[in-house]
Amino acid sequence: MKHLWNAALAGLLLAGAVLARPSHAQGPSPTAAHMQWWRDARFGMFIHWGPVSLKGTEISISRSPNPYGPNEGGIPAAEYDNLYKQFNPTKFDPKAIVALAKAAGMKYIVFTAKHHDGFAEWDSKLTDYKITSPLSPYQKDIVKQLADATRAAGLHWCVYYSQPDLHHPDYDVNQPAYDKYFHAQVHELLTNYGKVDLIWFDGLGASADYWDAQNLFKEMRATNPNLIINDRCGLPGDYNSPEQRVGAYDDQHPWETCMTIGDQWAYKPDDSYKSATRCIQTLAKCAGGDGNLLLNIGPQPDGQVDPTQADRLRAIAAWMKTRGVSITGTRGGPYKPTSSYVSTRKGNTVYVHVLGWTGDSVTLPVMPKAITGSRVLGGGSVQVRQTPEGVTITVPTGNHDASDTVIALQLNGSAMDLAPIAATISGPPATLAATNVYHQIPTYDAAMAYDGDDGTRWATDDGVKQAAITAEFAKPAVIQGVSIHEAIEKRVQKFELQYQAPGGSDWITLAAGTQIGEHYTASFTPVQAKSFRLNILDSTEGPTISEISFMTAK
(Lines give C-alpha, C1' and ligand atoms only; values in the text may rest on other atoms or scores of the structure.)
Protein backbone atom coordinates (compact mmCIF):
# COMPACT_ATOMS: atom_id res chain seq x y z
CA MET A 1 0.00 0.00 0.00
CA LYS A 2 1.28 3.42 -0.81
CA HIS A 3 2.16 5.82 2.00
CA LEU A 4 -0.74 8.01 3.10
CA TRP A 5 0.38 11.56 3.69
CA ASN A 6 -1.33 13.80 6.25
CA ALA A 7 -2.05 17.24 4.80
CA ALA A 8 -0.83 20.04 7.02
CA LEU A 9 -3.46 22.57 7.99
CA ALA A 10 -2.34 25.85 6.45
CA GLY A 11 -5.42 27.90 7.21
CA LEU A 12 -9.03 28.29 6.37
CA LEU A 13 -11.31 29.81 3.77
CA LEU A 14 -15.04 29.66 4.03
CA ALA A 15 -17.23 29.19 0.94
CA GLY A 16 -15.40 25.98 0.17
CA ALA A 17 -12.48 27.62 -1.63
CA VAL A 18 -9.00 26.18 -1.17
CA LEU A 19 -6.80 28.39 0.97
CA ALA A 20 -5.09 30.89 -1.31
CA ARG A 21 -1.38 30.70 -1.94
CA PRO A 22 0.43 34.00 -2.51
CA SER A 23 -1.44 35.70 -5.35
CA HIS A 24 -0.06 35.45 -8.87
CA ALA A 25 0.20 38.48 -11.11
CA GLN A 26 -0.44 36.19 -14.06
CA GLY A 27 -2.15 32.88 -14.73
CA PRO A 28 -0.87 29.30 -14.56
CA SER A 29 2.85 28.63 -14.85
CA PRO A 30 4.26 27.38 -18.16
CA THR A 31 4.62 23.63 -18.61
CA ALA A 32 8.00 21.99 -19.21
CA ALA A 33 8.14 20.55 -22.73
CA HIS A 34 8.54 16.92 -21.62
CA MET A 35 5.52 17.32 -19.31
CA GLN A 36 3.13 18.82 -21.86
CA TRP A 37 1.42 15.58 -22.94
CA TRP A 38 0.86 14.59 -19.32
CA ARG A 39 -0.56 17.93 -18.29
CA ASP A 40 -2.86 17.99 -21.31
CA ALA A 41 -4.01 14.43 -20.53
CA ARG A 42 -5.56 15.29 -17.16
CA PHE A 43 -6.89 11.74 -16.74
CA GLY A 44 -5.17 8.36 -16.48
CA MET A 45 -5.85 4.78 -15.41
CA PHE A 46 -4.01 3.16 -12.49
CA ILE A 47 -4.02 -0.66 -12.39
CA HIS A 48 -3.18 -2.61 -9.22
CA TRP A 49 -3.16 -6.32 -9.96
CA GLY A 50 -1.35 -9.50 -9.02
CA PRO A 51 -1.70 -12.96 -7.46
CA VAL A 52 -3.23 -11.46 -4.31
CA SER A 53 -6.44 -10.91 -6.28
CA LEU A 54 -7.07 -14.62 -5.64
CA LYS A 55 -7.62 -13.73 -1.98
CA GLY A 56 -9.45 -10.44 -2.52
CA THR A 57 -7.28 -8.72 0.10
CA GLU A 58 -5.12 -5.63 -0.30
CA ILE A 59 -1.99 -5.91 -2.37
CA SER A 60 1.22 -6.28 -0.32
CA ILE A 61 -0.09 -5.03 3.02
CA SER A 62 -2.17 -8.17 3.53
CA ARG A 63 1.09 -10.13 3.57
CA SER A 64 1.89 -10.93 7.20
CA PRO A 65 3.97 -9.71 8.89
CA ASN A 66 3.52 -6.27 7.34
CA PRO A 67 5.87 -3.46 8.42
CA TYR A 68 3.80 -0.69 6.79
CA GLY A 69 0.65 -0.68 8.87
CA PRO A 70 -2.45 -2.69 9.82
CA ASN A 71 -3.18 -5.75 7.73
CA GLU A 72 -6.51 -7.12 8.89
CA GLY A 73 -7.05 -10.60 7.51
CA GLY A 74 -3.31 -10.90 6.92
CA ILE A 75 -2.04 -13.80 4.87
CA PRO A 76 1.06 -15.56 6.25
CA ALA A 77 4.08 -14.70 4.12
CA ALA A 78 4.71 -18.33 3.17
CA GLU A 79 1.18 -18.57 1.77
CA TYR A 80 1.16 -15.11 0.17
CA ASP A 81 4.50 -15.64 -1.58
CA ASN A 82 3.20 -18.82 -3.22
CA LEU A 83 -0.08 -17.44 -4.57
CA TYR A 84 1.55 -16.93 -7.96
CA LYS A 85 1.61 -20.71 -8.39
CA GLN A 86 -2.21 -20.58 -8.56
CA PHE A 87 -2.55 -17.28 -10.46
CA ASN A 88 -3.78 -18.06 -13.97
CA PRO A 89 -5.66 -15.07 -15.45
CA THR A 90 -6.76 -16.79 -18.66
CA LYS A 91 -9.41 -14.14 -19.39
CA PHE A 92 -6.96 -11.23 -19.26
CA ASP A 93 -7.60 -9.12 -22.35
CA PRO A 94 -5.31 -6.08 -22.36
CA LYS A 95 -6.99 -4.61 -25.44
CA ALA A 96 -10.37 -4.64 -23.67
CA ILE A 97 -8.95 -2.91 -20.59
CA VAL A 98 -7.21 -0.27 -22.71
CA ALA A 99 -10.42 0.25 -24.70
CA LEU A 100 -12.31 0.99 -21.46
CA ALA A 101 -9.65 3.51 -20.49
CA LYS A 102 -9.61 5.21 -23.87
CA ALA A 103 -13.41 5.48 -24.07
CA ALA A 104 -13.44 7.11 -20.62
CA GLY A 105 -11.09 9.83 -21.86
CA MET A 106 -8.03 8.47 -20.07
CA LYS A 107 -4.81 9.27 -21.93
CA TYR A 108 -2.28 7.15 -20.05
CA ILE A 109 -2.06 3.88 -18.13
CA VAL A 110 0.11 3.22 -15.07
CA PHE A 111 0.52 -0.47 -14.23
CA THR A 112 1.96 -2.01 -11.05
CA ALA A 113 4.87 -3.90 -12.61
CA LYS A 114 6.07 -4.63 -9.08
CA HIS A 115 4.39 -3.70 -5.79
CA HIS A 116 5.80 -3.93 -2.25
CA ASP A 117 5.35 -7.72 -2.29
CA GLY A 118 8.21 -7.97 -4.81
CA PHE A 119 6.36 -10.00 -7.45
CA ALA A 120 7.46 -9.11 -10.99
CA GLU A 121 4.69 -8.93 -13.60
CA TRP A 122 7.28 -9.16 -16.40
CA ASP A 123 9.98 -11.57 -17.50
CA SER A 124 12.69 -10.16 -15.26
CA LYS A 125 16.06 -11.87 -15.65
CA LEU A 126 16.97 -10.90 -12.09
CA THR A 127 14.47 -13.00 -10.10
CA ASP A 128 12.49 -16.21 -10.28
CA TYR A 129 9.62 -14.59 -8.37
CA LYS A 130 7.78 -13.52 -11.51
CA ILE A 131 4.79 -14.16 -13.74
CA THR A 132 6.88 -16.05 -16.30
CA SER A 133 8.31 -18.49 -13.74
CA PRO A 134 8.04 -22.20 -14.66
CA LEU A 135 6.05 -22.52 -11.43
CA SER A 136 3.42 -20.08 -12.70
CA PRO A 137 0.50 -21.65 -14.57
CA TYR A 138 0.18 -18.48 -16.69
CA GLN A 139 3.79 -17.87 -17.79
CA LYS A 140 2.97 -14.88 -19.99
CA ASP A 141 4.56 -11.43 -19.67
CA ILE A 142 1.75 -9.16 -18.49
CA VAL A 143 3.81 -5.96 -18.80
CA LYS A 144 4.55 -6.71 -22.46
CA GLN A 145 0.91 -7.46 -23.29
CA LEU A 146 -0.40 -4.33 -21.61
CA ALA A 147 2.38 -2.07 -22.92
CA ASP A 148 1.78 -3.22 -26.50
CA ALA A 149 -2.00 -2.75 -26.22
CA THR A 150 -1.61 0.70 -24.65
CA ARG A 151 0.65 2.01 -27.39
CA ALA A 152 -1.45 0.42 -30.14
CA ALA A 153 -4.44 2.43 -28.85
CA GLY A 154 -2.46 5.67 -28.92
CA LEU A 155 -2.23 6.03 -25.14
CA HIS A 156 0.90 6.66 -23.07
CA TRP A 157 2.53 3.66 -21.37
CA CYS A 158 3.68 4.24 -17.79
CA VAL A 159 5.12 1.94 -15.13
CA TYR A 160 4.58 1.78 -11.37
CA TYR A 161 7.56 0.34 -9.51
CA SER A 162 7.79 -0.12 -5.74
CA GLN A 163 11.27 0.29 -4.34
CA PRO A 164 10.30 -1.54 -1.11
CA ASP A 165 10.38 -5.30 -1.66
CA LEU A 166 9.20 -7.56 1.17
CA HIS A 167 10.30 -10.69 -0.72
CA HIS A 168 13.92 -9.81 -1.50
CA PRO A 169 16.43 -10.97 1.16
CA ASP A 170 18.68 -7.90 0.78
CA TYR A 171 15.92 -5.30 1.16
CA ASP A 172 16.45 -3.27 4.34
CA VAL A 173 19.27 -5.67 5.29
CA ASN A 174 22.01 -5.12 2.72
CA GLN A 175 20.55 -2.00 1.14
CA PRO A 176 23.44 -1.18 -1.26
CA ALA A 177 23.13 -4.66 -2.77
CA TYR A 178 19.36 -4.33 -2.98
CA ASP A 179 19.63 -0.90 -4.63
CA LYS A 180 21.74 -2.42 -7.40
CA TYR A 181 19.09 -5.09 -7.88
CA PHE A 182 16.17 -2.72 -8.12
CA HIS A 183 18.07 -0.25 -10.34
CA ALA A 184 18.69 -3.14 -12.72
CA GLN A 185 15.00 -4.08 -12.67
CA VAL A 186 14.04 -0.49 -13.48
CA HIS A 187 16.50 -0.59 -16.37
CA GLU A 188 14.78 -3.73 -17.68
CA LEU A 189 11.41 -2.03 -17.63
CA LEU A 190 12.74 1.09 -19.35
CA THR A 191 14.66 -0.70 -22.10
CA ASN A 192 12.93 -4.01 -22.89
CA TYR A 193 9.36 -2.85 -23.45
CA GLY A 194 9.57 0.07 -25.83
CA LYS A 195 9.29 3.69 -24.77
CA VAL A 196 8.10 4.31 -21.23
CA ASP A 197 6.64 7.79 -20.82
CA LEU A 198 6.45 7.93 -17.01
CA ILE A 199 7.67 5.95 -14.01
CA TRP A 200 5.64 6.01 -10.82
CA PHE A 201 7.82 5.23 -7.79
CA ASP A 202 6.44 4.39 -4.35
CA GLY A 203 9.24 4.70 -1.83
CA LEU A 204 7.05 5.14 1.26
CA GLY A 205 8.88 8.25 2.38
CA ALA A 206 12.43 6.86 2.45
CA SER A 207 15.31 9.20 1.58
CA ALA A 208 17.06 9.64 -1.75
CA ASP A 209 20.26 8.26 -0.22
CA TYR A 210 18.44 5.12 0.89
CA TRP A 211 17.46 4.40 -2.73
CA ASP A 212 20.68 5.78 -4.26
CA ALA A 213 18.24 7.96 -6.17
CA GLN A 214 20.77 10.45 -7.56
CA ASN A 215 22.49 7.70 -9.53
CA LEU A 216 19.17 6.08 -10.44
CA PHE A 217 17.81 9.32 -11.90
CA LYS A 218 21.00 9.79 -13.95
CA GLU A 219 20.69 6.26 -15.29
CA MET A 220 17.04 6.74 -16.21
CA ARG A 221 17.59 10.14 -17.85
CA ALA A 222 20.44 8.68 -19.89
CA THR A 223 18.05 6.02 -21.17
CA ASN A 224 15.13 8.40 -21.72
CA PRO A 225 15.74 12.15 -21.30
CA ASN A 226 11.98 12.85 -21.53
CA LEU A 227 10.94 10.36 -18.88
CA ILE A 228 8.50 11.83 -16.35
CA ILE A 229 9.24 10.83 -12.74
CA ASN A 230 6.97 11.32 -9.73
CA ASP A 231 7.99 12.52 -6.27
CA ARG A 232 8.30 9.25 -4.31
CA CYS A 233 11.98 8.39 -4.59
CA GLY A 234 13.35 10.91 -2.11
CA LEU A 235 13.90 13.55 -4.80
CA PRO A 236 11.36 16.19 -5.89
CA GLY A 237 10.60 14.57 -9.24
CA ASP A 238 8.46 16.23 -11.90
CA TYR A 239 5.15 16.35 -10.01
CA ASN A 240 3.48 15.82 -6.64
CA SER A 241 1.23 12.82 -5.95
CA PRO A 242 -1.45 13.27 -3.26
CA GLU A 243 -3.18 9.98 -2.48
CA GLN A 244 -6.88 9.26 -1.95
CA ARG A 245 -7.67 12.97 -1.77
CA VAL A 246 -8.07 15.80 -4.25
CA GLY A 247 -5.04 18.06 -4.17
CA ALA A 248 -5.34 21.72 -3.26
CA TYR A 249 -5.48 24.29 -6.05
CA ASP A 250 -1.96 24.80 -7.38
CA ASP A 251 -1.34 26.19 -10.87
CA GLN A 252 2.40 26.63 -10.29
CA HIS A 253 3.45 23.03 -9.56
CA PRO A 254 2.19 19.93 -11.43
CA TRP A 255 0.27 17.40 -9.33
CA GLU A 256 -1.78 14.25 -9.70
CA THR A 257 -4.29 12.66 -7.33
CA CYS A 258 -4.26 8.86 -7.28
CA MET A 259 -7.54 7.38 -6.06
CA THR A 260 -9.39 4.08 -5.94
CA ILE A 261 -12.82 3.45 -7.46
CA GLY A 262 -13.64 1.35 -4.36
CA ASP A 263 -12.06 1.12 -0.92
CA GLN A 264 -9.17 -1.11 -1.96
CA TRP A 265 -6.41 -0.79 -4.56
CA ALA A 266 -6.41 -4.48 -5.48
CA TYR A 267 -9.54 -6.43 -6.40
CA LYS A 268 -11.96 -6.98 -3.53
CA PRO A 269 -15.20 -8.91 -3.96
CA ASP A 270 -18.22 -6.78 -3.04
CA ASP A 271 -16.08 -3.69 -2.57
CA SER A 272 -17.85 -0.44 -1.67
CA TYR A 273 -17.59 1.49 -4.92
CA LYS A 274 -17.76 5.24 -5.42
CA SER A 275 -20.78 6.36 -7.41
CA ALA A 276 -20.40 7.47 -11.01
CA THR A 277 -21.26 10.99 -9.87
CA ARG A 278 -18.46 10.99 -7.32
CA CYS A 279 -15.96 9.70 -9.90
CA ILE A 280 -16.95 12.41 -12.40
CA GLN A 281 -16.89 15.15 -9.78
CA THR A 282 -13.49 13.99 -8.55
CA LEU A 283 -12.16 14.29 -12.11
CA ALA A 284 -13.62 17.78 -12.39
CA LYS A 285 -12.21 18.83 -9.01
CA CYS A 286 -8.73 17.63 -9.99
CA ALA A 287 -8.81 19.44 -13.33
CA GLY A 288 -10.29 22.52 -11.63
CA GLY A 289 -7.43 22.50 -9.14
CA ASP A 290 -4.98 22.31 -12.09
CA GLY A 291 -4.11 18.69 -11.41
CA ASN A 292 -4.54 15.23 -12.93
CA LEU A 293 -6.60 12.27 -11.75
CA LEU A 294 -5.14 8.76 -11.81
CA LEU A 295 -8.18 6.56 -11.18
CA ASN A 296 -7.46 3.00 -10.10
CA ILE A 297 -9.03 -0.31 -11.07
CA GLY A 298 -8.19 -3.76 -9.69
CA PRO A 299 -8.87 -6.60 -12.16
CA GLN A 300 -10.34 -9.90 -10.97
CA PRO A 301 -8.21 -13.05 -10.58
CA ASP A 302 -9.23 -14.23 -14.06
CA GLY A 303 -8.02 -10.95 -15.60
CA GLN A 304 -11.39 -9.37 -16.31
CA VAL A 305 -12.44 -5.97 -15.01
CA ASP A 306 -15.05 -6.17 -12.25
CA PRO A 307 -18.48 -5.35 -13.78
CA THR A 308 -19.14 -2.47 -11.37
CA GLN A 309 -15.74 -0.93 -12.08
CA ALA A 310 -16.42 -1.27 -15.81
CA ASP A 311 -19.82 0.39 -15.36
CA ARG A 312 -18.19 3.34 -13.61
CA LEU A 313 -15.75 3.77 -16.49
CA ARG A 314 -18.60 3.62 -19.01
CA ALA A 315 -20.52 6.26 -17.07
CA ILE A 316 -17.48 8.53 -17.16
CA ALA A 317 -17.16 7.82 -20.89
CA ALA A 318 -20.77 8.90 -21.49
CA TRP A 319 -20.20 12.16 -19.60
CA MET A 320 -16.86 12.82 -21.31
CA LYS A 321 -18.33 12.29 -24.78
CA THR A 322 -19.89 15.77 -24.78
CA ARG A 323 -17.91 17.42 -21.97
CA GLY A 324 -14.38 16.08 -22.37
CA VAL A 325 -13.31 19.36 -23.96
CA SER A 326 -13.69 20.94 -20.50
CA ILE A 327 -11.13 18.47 -19.06
CA THR A 328 -8.58 17.40 -21.67
CA GLY A 329 -6.04 20.05 -22.62
CA THR A 330 -7.25 22.58 -20.04
CA ARG A 331 -5.67 24.31 -17.06
CA GLY A 332 -7.38 24.88 -13.73
CA GLY A 333 -9.15 28.11 -12.82
CA PRO A 334 -9.47 30.99 -12.91
CA TYR A 335 -12.22 30.41 -10.34
CA LYS A 336 -10.73 28.44 -7.48
CA PRO A 337 -12.60 25.27 -6.48
CA THR A 338 -15.50 25.31 -4.06
CA SER A 339 -17.83 22.52 -2.98
CA SER A 340 -20.42 23.80 -5.45
CA TYR A 341 -18.33 24.52 -8.52
CA VAL A 342 -14.89 24.35 -10.08
CA SER A 343 -13.56 25.82 -13.30
CA THR A 344 -11.14 25.01 -16.08
CA ARG A 345 -9.86 27.12 -18.96
CA LYS A 346 -8.39 27.01 -22.41
CA GLY A 347 -7.76 29.91 -24.77
CA ASN A 348 -10.57 32.45 -24.42
CA THR A 349 -12.94 29.98 -22.74
CA VAL A 350 -13.68 29.34 -19.07
CA TYR A 351 -15.57 26.12 -18.32
CA VAL A 352 -17.66 26.35 -15.15
CA HIS A 353 -18.42 22.92 -13.65
CA VAL A 354 -21.45 23.19 -11.37
CA LEU A 355 -21.39 20.28 -8.93
CA GLY A 356 -24.25 21.37 -6.68
CA TRP A 357 -27.14 23.71 -7.43
CA THR A 358 -29.33 25.80 -5.15
CA GLY A 359 -32.35 26.22 -7.37
CA ASP A 360 -31.44 26.94 -10.98
CA SER A 361 -28.70 29.54 -10.47
CA VAL A 362 -25.14 29.79 -9.25
CA THR A 363 -23.31 33.04 -8.46
CA LEU A 364 -19.59 33.43 -9.10
CA PRO A 365 -17.20 36.18 -8.05
CA VAL A 366 -16.34 39.05 -10.37
CA MET A 367 -14.90 38.10 -13.76
CA PRO A 368 -12.24 40.68 -14.81
CA LYS A 369 -12.94 40.22 -18.53
CA ALA A 370 -16.16 40.59 -20.45
CA ILE A 371 -18.22 37.48 -21.15
CA THR A 372 -19.25 37.53 -24.81
CA GLY A 373 -21.01 34.17 -25.11
CA SER A 374 -22.11 31.06 -23.24
CA ARG A 375 -23.41 27.54 -23.80
CA VAL A 376 -24.19 24.37 -21.86
CA LEU A 377 -22.03 21.45 -22.91
CA GLY A 378 -24.27 18.54 -23.80
CA GLY A 379 -27.19 20.83 -24.60
CA GLY A 380 -29.62 23.10 -22.77
CA SER A 381 -30.33 26.77 -22.33
CA VAL A 382 -28.34 29.16 -20.17
CA GLN A 383 -28.58 32.79 -19.11
CA VAL A 384 -25.52 34.64 -17.87
CA ARG A 385 -25.69 37.98 -16.05
CA GLN A 386 -22.39 39.79 -15.52
CA THR A 387 -22.29 42.78 -13.16
CA PRO A 388 -19.60 44.60 -11.17
CA GLU A 389 -20.63 42.42 -8.20
CA GLY A 390 -20.25 39.03 -9.88
CA VAL A 391 -21.54 36.57 -12.46
CA THR A 392 -24.86 34.74 -12.15
CA ILE A 393 -25.41 31.65 -14.30
CA THR A 394 -28.94 30.31 -14.65
CA VAL A 395 -29.71 26.92 -16.18
CA PRO A 396 -33.22 25.42 -16.02
CA THR A 397 -33.37 22.47 -13.64
CA GLY A 398 -34.28 20.13 -16.48
CA ASN A 399 -30.96 20.90 -18.15
CA HIS A 400 -28.85 20.09 -15.07
CA ASP A 401 -26.54 17.11 -15.42
CA ALA A 402 -26.84 14.72 -12.48
CA SER A 403 -23.07 14.75 -11.92
CA ASP A 404 -21.57 17.95 -13.34
CA THR A 405 -23.24 20.63 -15.46
CA VAL A 406 -20.62 22.38 -17.58
CA ILE A 407 -21.17 25.92 -18.88
CA ALA A 408 -18.66 27.36 -21.35
CA LEU A 409 -18.10 31.11 -20.95
CA GLN A 410 -16.48 32.86 -23.91
CA LEU A 411 -14.37 35.89 -22.93
CA ASN A 412 -13.27 38.93 -24.91
CA GLY A 413 -9.65 37.92 -24.33
CA SER A 414 -7.48 35.08 -23.09
CA ALA A 415 -8.49 33.28 -19.93
CA MET A 416 -4.94 32.06 -19.48
CA ASP A 417 -3.50 35.26 -18.01
CA LEU A 418 -6.11 35.61 -15.26
CA ALA A 419 -4.91 35.26 -11.67
CA PRO A 420 -6.85 32.80 -9.46
CA ILE A 421 -10.21 34.10 -8.27
CA ALA A 422 -11.32 32.87 -4.84
CA ALA A 423 -14.90 32.85 -3.57
CA THR A 424 -14.51 33.95 0.03
CA ILE A 425 -16.43 35.53 2.83
CA SER A 426 -14.60 38.81 3.43
CA GLY A 427 -12.40 39.31 6.43
CA PRO A 428 -9.83 37.16 8.24
CA PRO A 429 -10.48 33.46 8.91
CA ALA A 430 -13.44 32.57 11.10
CA THR A 431 -13.40 30.83 14.45
CA LEU A 432 -14.37 27.16 14.29
CA ALA A 433 -15.47 24.80 17.02
CA ALA A 434 -16.95 21.34 17.43
CA THR A 435 -18.59 19.68 20.41
CA ASN A 436 -16.60 16.49 19.80
CA VAL A 437 -13.39 15.65 17.91
CA TYR A 438 -12.17 12.11 17.30
CA HIS A 439 -9.67 11.35 20.10
CA GLN A 440 -8.90 15.11 20.14
CA ILE A 441 -6.64 14.61 17.13
CA PRO A 442 -6.03 17.97 15.35
CA THR A 443 -6.28 16.40 11.87
CA TYR A 444 -9.93 15.57 12.65
CA ASP A 445 -10.94 18.90 14.19
CA ALA A 446 -13.54 21.40 12.94
CA ALA A 447 -11.11 23.14 10.57
CA MET A 448 -10.98 20.01 8.40
CA ALA A 449 -14.59 20.62 7.31
CA TYR A 450 -13.69 24.09 6.00
CA ASP A 451 -10.31 23.58 4.31
CA GLY A 452 -11.54 23.04 0.73
CA ASP A 453 -10.13 19.50 0.71
CA ASP A 454 -12.54 16.57 0.35
CA GLY A 455 -9.76 14.26 1.52
CA THR A 456 -9.80 15.67 5.07
CA ARG A 457 -12.70 15.57 7.50
CA TRP A 458 -14.11 16.57 10.84
CA ALA A 459 -14.66 13.31 12.73
CA THR A 460 -16.20 12.40 16.07
CA ASP A 461 -15.61 9.59 18.54
CA ASP A 462 -17.10 6.16 18.03
CA GLY A 463 -20.59 5.90 19.46
CA VAL A 464 -21.35 9.62 19.28
CA LYS A 465 -24.98 10.19 18.25
CA GLN A 466 -25.26 13.96 18.60
CA ALA A 467 -22.71 16.64 17.74
CA ALA A 468 -22.44 20.17 16.40
CA ILE A 469 -19.88 22.12 14.38
CA THR A 470 -19.95 25.91 14.51
CA ALA A 471 -18.35 28.62 12.36
CA GLU A 472 -18.20 32.16 13.69
CA PHE A 473 -17.54 34.70 10.94
CA ALA A 474 -14.98 37.42 11.50
CA LYS A 475 -17.56 39.89 10.17
CA PRO A 476 -21.28 39.28 9.65
CA ALA A 477 -21.88 37.62 6.30
CA VAL A 478 -24.96 37.36 4.12
CA ILE A 479 -25.50 33.71 3.21
CA GLN A 480 -28.20 32.19 1.05
CA GLY A 481 -27.21 28.55 0.80
CA VAL A 482 -24.98 25.80 2.12
CA SER A 483 -23.35 22.69 0.67
CA ILE A 484 -22.30 19.77 2.90
CA HIS A 485 -20.40 16.57 2.11
CA GLU A 486 -20.68 13.65 4.54
CA ALA A 487 -17.37 11.75 4.58
CA ILE A 488 -19.00 8.44 5.54
CA GLU A 489 -22.45 8.51 4.00
CA LYS A 490 -25.80 7.86 5.67
CA ARG A 491 -24.60 8.08 9.26
CA VAL A 492 -26.46 11.32 9.96
CA GLN A 493 -30.19 10.63 10.47
CA LYS A 494 -31.45 14.02 11.66
CA PHE A 495 -29.93 17.50 11.56
CA GLU A 496 -30.58 21.26 11.60
CA LEU A 497 -28.83 24.15 9.83
CA GLN A 498 -28.89 27.18 12.11
CA TYR A 499 -27.51 30.71 12.33
CA GLN A 500 -27.13 33.51 14.85
CA ALA A 501 -27.97 37.05 13.78
CA PRO A 502 -25.56 39.90 14.63
CA GLY A 503 -26.18 40.95 18.22
CA GLY A 504 -28.30 37.90 18.94
CA SER A 505 -27.68 34.71 20.93
CA ASP A 506 -30.55 32.52 19.76
CA TRP A 507 -29.99 29.84 17.13
CA ILE A 508 -32.46 30.26 14.27
CA THR A 509 -33.18 27.22 12.11
CA LEU A 510 -32.75 27.72 8.36
CA ALA A 511 -33.35 24.13 7.23
CA ALA A 512 -33.64 20.63 8.63
CA GLY A 513 -33.36 17.15 7.24
CA THR A 514 -32.89 13.44 7.84
CA GLN A 515 -29.86 12.60 5.68
CA ILE A 516 -26.84 14.51 4.37
CA GLY A 517 -25.12 11.95 2.16
CA GLU A 518 -22.45 12.52 -0.46
CA HIS A 519 -23.64 15.98 -1.53
CA TYR A 520 -26.33 17.92 0.33
CA THR A 521 -27.32 21.43 -0.68
CA ALA A 522 -29.89 23.81 0.73
CA SER A 523 -30.90 27.30 -0.38
CA PHE A 524 -32.86 29.84 1.60
CA THR A 525 -33.75 33.53 1.73
CA PRO A 526 -30.52 35.47 2.32
CA VAL A 527 -29.80 36.09 6.00
CA GLN A 528 -27.14 38.12 7.75
CA ALA A 529 -25.27 35.82 10.10
CA LYS A 530 -22.50 36.16 12.65
CA SER A 531 -22.35 32.38 13.16
CA PHE A 532 -23.48 29.19 11.44
CA ARG A 533 -24.06 25.77 13.00
CA LEU A 534 -24.63 22.26 11.70
CA ASN A 535 -26.49 20.66 14.59
CA ILE A 536 -26.62 16.86 14.28
CA LEU A 537 -29.47 15.47 16.37
CA ASP A 538 -29.14 11.79 15.54
CA SER A 539 -26.52 9.57 13.90
CA THR A 540 -26.06 5.82 13.54
CA GLU A 541 -22.36 6.20 14.42
CA GLY A 542 -19.94 9.05 15.07
CA PRO A 543 -20.74 11.64 12.37
CA THR A 544 -17.94 12.78 10.07
CA ILE A 545 -18.11 15.68 7.59
CA SER A 546 -15.57 16.34 4.85
CA GLU A 547 -16.69 19.78 3.64
CA ILE A 548 -19.09 22.61 4.45
CA SER A 549 -19.30 25.66 2.21
CA PHE A 550 -21.59 28.63 1.86
CA MET A 551 -23.28 30.44 -0.99
CA THR A 552 -23.03 34.13 -0.26
CA ALA A 553 -25.20 37.04 -1.37
CA LYS A 554 -23.86 40.44 -2.29
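A crossing of two helices is left-handed if the near helix is turned anticlockwise from the far one by less than a right angle, and right-handed if clockwise. The structure on display is a predicted model, in which local features need pLDDT of at least 70, side-chain atom pairs count only at pLDDT 80 or more, and totals for chains, interfaces and linings use all residues. Residues are numbered from 1 along each chain as its sequence is written, and side-chain values use heavy atoms, with hydrogens and water left out.

**The sheet**

Select the strands (DSSP runs of E, at least two residues; helices are runs of H or I, at least four; both are numbered from the N terminus). Seven of them form an open sheet with parallel pairing, in the order β7-β6-β5-β4-β1-β9-β8. Strands β7 (228–229) and β8 (256–260) stand at the edges with a single partner strand each, so one side of each has no neighbour in the sheet. Two strands count as paired if DSSP finds at least two bridges between them. Next, select residues 108–114 and 156–161: these are β4 and β5, which pair in the parallel sense over 6 bridges. Ile 109 has Trp 157 in β5 as its bridge partner.

Now select residues 175–191, helix α5, which lies across β4, β5 and β6 (198–201) at about 165° to β5. Such angles run from 0 to 180 degrees between N-to-C directions, and axes are lines fitted to C-alpha atoms, for helices over the stretch in contact.

Buried means under 20% relative accessible area, exposed over 50%, and partly exposed in between (1.4 Å probe, protein chains only).

The axes of α5 and α7 come within 11 Å and cross at roughly 15°. The two helices are therefore roughly parallel, a label for angles under 35 degrees. The crossing is right-handed. Where they meet, α5 contributes residues including Phe 182 and Val 186, and α7 residues including Leu 216 and Met 220.

**Gln 300**

Finally, select Gln 300, in the loop between β9 and α9 (307–323). At 14% relative accessibility, Gln 300 counts as buried. Its contacts (heavy atoms within 4.5 Å) include Trp 49, Ser 53 and Tyr 267. The C-alpha atoms of Gln 300 and Tyr 267 are separated by 5.8 Å, although the two residues are 33 residues apart along the chain.

Conventions: Parallel < 35°, antiparallel > 145°, perpendicular 65-115°, else oblique. Lists of a residue's contacts leave out its neighbours within four places in sequence.
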